[in-house]
Amino acid sequence: MVLESPAARAAHCTVARLPDIPVTMNGLVPTVHAQINGKDALFVADSGAAFSLLTRAAVQEFHVRVDPSFRGLYVSGVGGSERAEVAVADTFTLFGRTWRNVEFVEAGSDFGHGAVGLLGQNVFSIADVEYDLANGVIRLVKPTDCGKDTPLAYWAAAAHKPYSAIDIEFATPQQPHTKSVAYLNGTRIHVMFDTGANTSVLTLEAAKRAGVTPTSEGVTPGGAEWGVGHRVSQTWIGRFASFKIGDEEIQHARLRFGDISAGADMLIGSDFFLSHRIYVASSQRKLYFTYNGGPVFDLTARTPAAGANAAAPPEGSAAAQQAPGPVPANTRLNDPTDAAGYARRGAASAARHDYESAIADLTRACELAPTESSYFYERGVAHWQNQQADAALADFDQAIKLKPDDVDALLARATLHARRHDPPAAIVADLDPADRALPKEADARMRLGELYAYAGQPAAAVVQYSKWIDARPRDDVHMAAALNARCRARTLAGQELRQALEDCNAAVKMKPNTAAFLDSRGLVYLRQGNYDKAIADYDAALRLQPKTVWALYGRGVAKSHKGLSAEAQADMAAATALEPKIAARASGYGITP
């Protein structure tokens with residue numbers, strides 16, 4: 001028997017890498033291009049998904065067949081659970097390899113940013129996996145002759161950087177997730193590493209055990225969380241004495257927590273992955289990570305707007321973030337070697353709110369590949385997020401010049417025109433070609449509807465909303481908002497008022513105490529001349545949101561028709577004080593006292 005020292009065993013260790021998987025960050029969503037049945041498809045790289053998923057709309061769009069032999073399937077996520085089926089693609093292509101008769105779980109309906117599905121652990125668990133999202137890459141690697149104690153954070157050794165190593169739980173085919181432990185206020189908590197979670201989030205129970213609840217001092221709203229399942233969960237942001245994972249500790253950490261179903265006390269989301277380079281060594285049951293620098297957690301409030309587009313920077317939002325210590329030097333070992341690499345790294349920098357670095361990398365990508373429209377689009381997004389609207393518009397112009405049917409650039413330019421209050425014609429000029437280029441099931445139909453409505457074309461908005469609604473199950477997480485939008489557009493157009501009322505009734509039934517839905521139904525009743533019901537709905541909406549402009553003005557109009565002149569004038573004056581042009585806008589749709 002020959003005994004070897006740890007150093008000798010490490011000397012024999014080799015790491016074979018499969019072809020890199022290029023990853024583009026769409027905000028905090030890591031996306032990967034693949035092909036289904038020979039057609040390009042965008043997926044979210046989701047280490048928290050046990051199996052790869054396709055939306056129901058994607059199954060229709062890509063002509064994927066459903067296997068009827070599987071019954072009674074359910075999947076679960078932060079939004080609860082939902083029924084699922086098994087769908088089989090004739091071919092699936094990823095990193096240059098094509099497989100036949102590939103199974104997906106058919107579930108979910110909206111993964112955002114044009115993604116048609118999730119790539120789950122059935123892809124990432126075939127080998128060790130390295131997440132280098134800050135450089136736009138996921139690497140599948142297979143170590144050979146590497147003992148359990150052999151450090152596999154090879155990039156850290158090359159740069160002489162410190163690294164953390166933590167044990168991970170044993171994964172099974174039924175539970176393939178990457179789980180470990182961290183410490184919140186000194187107490188051990190279970191965490192799951194989940195690139196599909198845009199932001200890291202604690203469960204309500206874990207936060208409560210640490211002494212923080214939604215009513216605690218200093219806690220602020222954190223927006224919504226949603227995913228697989230049909231529930232939108234509210235989150236909050238609170239301050240905790242400490243958060244420690246591996247050798248990293250953040251004192252006085254501000255963390256998001258919410259009423260979520262997580263399968264752990266905390267989801268470690270893509271914000272953490274962006275700020276770290278992570279190697280999941282399933283071969284050793286360890287996880288290695290190094291800190292890239294910058295904020296660890298993104299605390300921007302999210303809103304569950306259907307059809308959201310990454311190009312539009314959120315209005316009035318702020319990301320309060322923190323880092324565990326000084327930003328380490330030399331966080332990037334090597335510059336990219338091609339335009340695509342610069343573009344991916346630029347998108348990752350933009351996701352971390354490092355817009356100066358993002359613009360520099362994307363400019364280099366544009367220089368290396370001046371005919372690639374997507375690089376100008378990405379740079380336009382970074383310019384826009386950096387409050388450089390004119391530069392953003394110039395980039396969107398160039399992207400569309402290079403590719404007239406670039407839907408992302410068309411929608412981004414239309415949205416930017418809307419944000420700048422440019423003439424409606426400038427907005428619609430981009431919507432019509434986007435409409436022609438999009439498949440009818442596309443998630444972006446909702447954004448098209450919103451923009452047509454903003455541009456004063458409610459009838460065209462109805463067409464877009466209908467395409468979106470018809471392609472999705474009734475229990476879609478965004479269905480209530482979509483039905484309300486179609487109800488309002490029909491009402492403003494003065495058409496199909498019976499169908500409009502059906503839409504609004506359905507939306508109110510799904511979410512009864514929603515001011516916007518009650519406001520829209522009040523508008524339907526106003527159009528129908530049912531002034532008592534209109535006033536009742538407007539009253540209810542204003543109890544929830546006292547400064548709802550249309551509800552104030554609509555109630556004033558309804559009261560005017562009932563002869564309640566003094567009350568009517570008071571309501572319309574209150575609405576005008578909030579929005580001086582409300583009377584002219586309402587008159588444009590034929591709504592007058």
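I took helices (H or I, at least four residues) and strands (E, at least two) as DSSP runs, numbered from the N terminus. On that basis I found 21 helices and 23 strands in the protein chain. The model is predicted, so I noted that local features need pLDDT of at least 70 and side-chain atom pairs pLDDT 80 or more, while totals for chains, interfaces and linings use all residues. Residues are numbered from 1 along each chain as its sequence is written, and side-chain values use heavy atoms, without hydrogens and water.

I next looked up burial, where buried means under 20% relative accessible area, exposed over 50%, and partly exposed in between (1.4 Å probe, protein chains only). Of the 593 residues, 55% count as buried.

Then I turned to salt bridges (a side-chain nitrogen of Lys or Arg within 4 Å of a carboxyl oxygen of Asp or Glu), of which the structure holds 34. One of them joins Arg65 and Asp90 at 2.4 Å, N to O. Arg65 lies in strand β7 and Asp90 in strand β9, so this pair ties together parts that are 25 residues apart in sequence. I noted Arg65 as partly exposed at 40% relative accessibility, and Asp90 as partly exposed with a relative accessible area of 40%.

I also looked up Asp390 and Arg420, whose side chains meet in a salt bridge at 3.0 Å, N to O. Asp390 lies in helix α10 and Arg420 in the loop between α11 and α12, so the pair ties together parts 30 residues apart in sequence. Asp390 counts as exposed at 59% relative accessibility, whereas Arg420, at 35%, counts as partly exposed.
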